[in-house]
Amino acid sequence: SEANRDLGAVSSQYKSELQAANQEIERLSGLDATNKALQEQLDQAELYILVLQARTDVLSAQVAIYDGDYSKASLLLSQTSERLETLATLLPPELRETIDALQTRLELALSEIEKKDPAALADLGVLSTKLLELEDAIIH
């Protein structure tokens with residue numbers, strides 16, 4: 001009868017809408033997974049950039065010290081501590097303690113630079129090596 005046909009049509013309409021909704025959920029779930037993967041890649045790139053910036057700071061400061069320009073070396077390292085702090089927030093927990101050691105070495109080098117002590121070169125060398133090791137750990 002007509003009521004059954006109407007009910008069948010409504011039921012068919014709901015089934016069709018439900019199927020469309022389920023397809024949209026699947027599509028959005030796929031986008032969510034893609035978004036998460038892209039965010040992880042972005043975080044990884046940000047980590048890498050921060051390490052490279054810190055390495056550049058250190059290497060530039062070493063060059064300044066070789067040139068006898070300790071105040072320039074100090075200026076070149078002025079953002080390094082902040083970069084290391086940001087790195088610490090982005091690193092996996094097992095690598096975070098590395099940042100404490102880097103900060104300590106940086107503070108030592110800065111105090112030597114303030115005294116125009118050439119020993120700062122050795123501490124910056126250690127800092128540079130540790131940053132390179134951190135870079136390797138991030139990449140692999």
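This is a predicted model: local features need pLDDT of at least 70, side-chain atom pairs count only at pLDDT 80 or more; totals for chains, interfaces and linings use all residues.
A helix, in what follows, is a DSSP run of H or I at least four residues long, and helices are numbered from the N terminus. With that settled, aspartate 136 lies in helix 5.

The protein chain has an average pLDDT of 91, and 99% of the residues score at least 70. Confidence is lowest in helix 1, residues 2–66, where the mean is 87. It is highest in helix 2, residues 70–76, at 97.

Next, a pair of helices. Helix 3 covers residues 80–90 and helix 4 covers residues 93–114. Their axes come within 9 Å and cross at roughly 170°. An angle over 145 degrees counts as roughly antiparallel, so helix 3 is roughly antiparallel to helix 4. On the helix 3 side, the residues that meet helix 4 are Thr80, Ser81, Leu84, Glu85, Leu87, Ala88 and Thr89. They face Arg96, Ile99, Leu102, Gln103 and Leu106 in helix 4. Sorted by class, this contact has six nonpolar, four polar and two charged residues.

Now the largest nonpolar core. How many residues does it have? There are 28, and those touching the most other members are Ile65, Leu87, Ile99, Ile113, Leu124 and Leu134. Two or more residues each come from helix 1, helix 2, helix 3, helix 4 and helix 5. Helix 1 gives the largest share, eight residues. In general, nonpolar side chains in soluble globular proteins tend to be buried together.

Take isoleucine 113 from that list. Leaving out residues up to four places away in sequence, isoleucine 113 touches Ile65, Tyr70, Ala73, Ser74, Leu77, Ala120 and Leu124. Two of those, Ile65 and Leu124, are also among the core members with the most contacts to other members.

Last, lysine 116. Where is this residue? Lysine 116 sits in the loop between helix 4 and helix 5, the latter being residues 119–139. Its phi is near 55°, a positive value in a residue other than glycine. Most residues other than glycine have a negative phi. Lysine 116 counts as exposed because its relative accessibility is 54%, and the cut-off for exposed is over 50%.

How values were computed: Residues are numbered from 1 along each chain as its sequence is written. Side-chain values use heavy atoms; hydrogens and water are left out. pLDDT is the predictor's confidence in each residue, from 0 to 100. Axes are lines fitted to C-alpha atoms, for helices over the stretch in contact, and angles run from 0 to 180 degrees between N-to-C directions. Angles under 35 degrees count as roughly parallel, over 145 as roughly antiparallel, 65 to 115 as roughly perpendicular and the rest as oblique. Contact means heavy atoms within 4.5 Å. Ala, Val, Leu, Ile, Met, Phe, Trp, Tyr, Cys and Pro count as nonpolar, Asp, Glu, Lys and Arg as charged, and the others, Gly among them, as polar. Buried means under 20% relative accessible area, exposed over 50%, partly exposed in between (1.4 Å probe, protein chains only). A nonpolar core is a set of buried Ala, Val, Leu, Ile, Met, Phe, Trp, Tyr and Cys residues joined through side-chain atoms within 4.5 Å.
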